[in-house]
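Start with the strands, then follow the side chains. Keep the model open while you read.

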Amino acid sequence: RWTSERVEAVTKKETAPLYYGMPIWSIYLCDLTGDGKPELCSSISLGSGIVDERIIVYDYANGASYELSDRGNFDYILNQQGEHLIVEKREYAKEELISSGELVYKDGCIQIVEFE
């Protein structure tokens, strides 16, 4: 279940929180890890006073989460173009786009493969 504040796994027996945001702006299902099961991929805002934009990927099948953030330096926003998840990297609290690229899972973490 997705609300503006949290993503939860809901079963007949329990409701388990997976991750939080202030708010969670988007959620995409995409198999980044290549295991045949989609991960939950979101753009979220987080913080109090100083709020930054970051990306979280939750691998529900393996109980793992990955984050792309650099608090106070850069903001990261996730969009979808066709079958690809695209990351926009901006200087913290500014509109100007620094770079963009595809979100990938490589070497045990999420990364941006920048467009040339």
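Two strands count as paired if DSSP finds at least two bridges between them. Helices (H or I, at least four residues) and strands (E, at least two) are DSSP runs, numbered from the N terminus. This is a predicted model, in which local features need pLDDT of at least 70, side-chain atom pairs count only at pLDDT 80 or more, and totals for chains, interfaces and linings use all residues. Residues are numbered from 1 along each chain as its sequence is written, and side-chain values use heavy atoms, with hydrogens and water left out.

First, the overall picture. The protein has zero helices and ten strands. From the N terminus on, its elements read β-β-β-β-β-β-β-β-β-β. The C-alpha trace spans about 45 × 35 × 25 Å along its principal axes.

Next, the surface. The protein exposes about 7100 Å², and carbon and sulfur atoms supply 48% of it. Accessible areas come from the Shrake-Rupley method with a 1.4 Å probe; for residues, only the protein chains shown count as cover. Buried residues make up 38% of the 116 residues. Buried means under 20% relative accessible area, exposed means over 50%, and partly exposed lies in between (1.4 Å probe, protein chains only).

Strand β8 (residues 84-91) pairs with β9 in the antiparallel sense, over five bridges. Arg90 stands opposite Leu97 in β9. The hairpin of β8 and β9 has five residues between the strands, and Ala93 there takes a positive phi near 60°. β9 also runs antiparallel to strand β10 (residues 109-114), joined by six bridges. Here Lys106 stands opposite Cys109 in β10. Two residues lie between β9 and β10 in their hairpin, and Asp107 in the turn has a positive phi of about 55°.

Turn to strand β4 (residues 39-46). Cys30 has Glu39 in β4 as its bridge partner. β4 also pairs with β5 in the antiparallel sense, over seven bridges. Cys41 stands opposite Val57 in β5. The hairpin of β4 and β5 has five residues between the strands, and Gly47 takes a positive phi near 130°.

Then the rings. A pair of aromatic rings is described by the distance of the centres and the angle of the planes. Rings of Phe, Tyr and Trp (its six-membered ring) pair if their centres lie within 6.5 Å; planes under 30 degrees apart count as stacked, over 60 as edge-to-face and the rest as tilted. How many aromatic pairs does a search of the whole structure find? It finds two. Tyr19 and Tyr58 form a tilted pair, 6.3 Å centre to centre with 35° between the planes. This pair links distant parts of the chain: Tyr19 is in strand β2 (residues 15-20), Tyr58 is in strand β5 (residues 52-59), and they are 39 residues apart. Both Tyr19 and Tyr58 are buried.

Tyr66 and Tyr105 form an edge-to-face pair, 5.1 Å centre to centre with 65° between the planes. This pair also links distant parts of the chain: Tyr66 is in strand β6 (residues 64-68), Tyr105 is in strand β9 (residues 97-106), and they are 39 residues apart. Tyr66 counts as buried because its relative accessible area is 16%. Tyr105 is at 28%, so it counts as partly exposed.

Lys89 lies over the face of Phe74, at 4.3 Å from the ring centre. The criterion is NZ of Lys or CZ of Arg within 6 Å of the ring centre and within 35 degrees of the ring normal.

Last, a loop residue. Ile27 sits in the loop between β2 and β3. Its relative accessible area is 24%, so Ile27 is partly exposed. Not counting residues up to four places away in sequence, Ile27 touches Trp2, Val7, Tyr19, Leu40, Cys41 and Ser42. Contact means heavy atoms within 4.5 Å.
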